[in-house]
Amino acid sequence: MTEKTFCEECRKYVEYTTVSVPMTGRIKGKEYHYTGTEARCADCGSLVFVPEISDDNLRSLYNVFREENGIVSLDVICAIPEKYDIGKRPLSLLLGWGELTFSRYCDGDIPTRQYSDILQRIYNEPQFYSELLEANKANLKSQRTYEKTRRAVDALLSVDVPSNSKINAVIQYLLYQCEDITPLALQKALYYIQGFHFAFYRTFLFSEDCQAWTHGPVYRDIYFRYRDYRFDPIEKTITFDTSVFSASEKAICDSVINNICCYSGRILERFTHNEAPWLTTRGDLPDSAPSDRIIEKSVIGAYFDAVKAKYNMVNPRDIKDYSQDMFQQL
């Protein structure tokens, strides 16, 4: 069927033609220039009104407003529910907003700058969404909704650490040597091995960066590998070939196992919450606020250099002096 609309000049329904033209619109007292579409009567050439074209022009105006004011695009907003396999209303509840707030944004309402920044970050950073999901999952009305979106974000974050990487070897050694090590304690052990290896041997053992999460330093990909263990010990490794380590690497690992891993993950979390790398990276963030800020290697190195000097450490076995002192200060 040929599309028609009513022409005020011809006083009848007519076919029409369209052409792209420069347009100007005003939002909040400011003019914005954009490319829109005009519809004209095919018989007399007069401008005619076509609802769909009017809606498209309004959408184009709003898109220019969004771009010039740093507001998240409508396409990004509408892509979020599909990306994380969650409905519009549950997502709005998860974020602590009114139940229909996100739906209105999908329909074209322009979010405030604060909400815009949150939505843009959610779209760009699955890790940020994952932390929001865990922190606010009680806002969701059903466990099924949580499980669906949890699977979606886990799939986006499932970037495995190469099996031959140094951090993977250290993890397997920790699981081989430690009787009971939870995911929380594992993260702290990796952080201390990284720091003390630099302090004694001037190189970092891992290329991976850790982040300043709520519960202390965390290697993100390792977290998702062992997340399902929660507070339970991770399954032990039965055999391990220590020839993958140099003498210095093994010395650091053994000392951390003997002097750091003897404490629970919760105690080690309190250790790290009193140390400069985590504190300075978090800055003024509230203790419970999600964060993916990277704890820079230079900050870790400087801190553990200072620890080594303060405790007059001569070899890795002296790590015990630091761990015992930290425990006594709690």
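Biologist: Which strands form the open sheet of three strands, and in what order?

Modeller: The order is β5-β4-β6, and the pairing is antiparallel. Strands are DSSP runs of E with at least two residues, helices are runs of H or I with at least four, and both are numbered from the N terminus. The model is predicted: local features need pLDDT of at least 70 and side-chain atom pairs count only at pLDDT 80 or more, whereas totals for chains, interfaces and linings use all residues. Residues are numbered from 1 along each chain as its sequence is written, and side-chain values use heavy atoms, without hydrogens or water.

Biologist: Why is one side of β5 and of β6 left without a neighbour in the sheet?

Modeller: β5 (216–218) and β6 (294–295) stand at the edges with a single partner strand each, so one side of each has no neighbour in the sheet.

Biologist: How do you know that β4 and β6 are paired?

Modeller: Pairing requires that DSSP find at least two bridges between two strands. Two bridges join β4 (residues 210–213) to β6, so the pair meets the definition. Within this antiparallel pair, Gln 211 has Ile 294 of β6 as its bridge partner.

Biologist: What lies across β4 and β5, and at what angle to β5?

Modeller: Helix α9 lies across both strands and runs at about 85 degrees to β5. The angle is taken on a scale from 0 to 180 degrees between N-to-C directions, with axes fitted to C-alpha atoms and, for helices, over the stretch in contact (heavy atoms within 4.5 Å).

Biologist: What joins β2 to β3?

Modeller: Strand β2 (residues 12–27) and strand β3 (residues 30–41) run antiparallel and are joined by 12 bridges.

Biologist: What makes the phi of Asp 85 worth noting?

Modeller: Phi is near 50 degrees, a positive value in a residue other than glycine. Most residues other than glycine have a negative phi. Asp 85 is found in the loop between α2 (74–84) and α3 (88–94).

Biologist: Why is Asp 85 called partly exposed, and what is Asn 312 called?

Modeller: Buried means under 20% relative accessible area and exposed over 50%, with partly exposed in between (1.4 Å probe, protein chains only). Asp 85, at 37%, is therefore partly exposed, whereas Asn 312, at 60%, is exposed. Asn 312 has a positive phi of about 50 degrees and is placed in the loop between α14 (297–310) and α15 (319–329).

Biologist: What is the volume of the largest pocket, and which residues are the closest to its centre?

Modeller: Its volume is about 700 Å³. Of the 24 lining residues, Glu 134, Trp 213, His 215, Tyr 223 and Phe 231 are the closest to the centre. Elements giving two or more residues to the lining are α6 (126–136), α9 (183–201) and α10 (220–226), and α6 gives the most, with five.

Biologist: How do you know that a space is a pocket rather than a cavity?

Modeller: On a 1 Å grid over the protein atoms alone, a 1.4 Å probe fits in a cavity but cannot get out, while a pocket is an open set with protein on both sides within 12 Å along at least five of seven lines; lining residues have an atom within 4 Å of a point. Points are joined across faces, edges and corners, and the volume is the space filled by probe spheres set on them.
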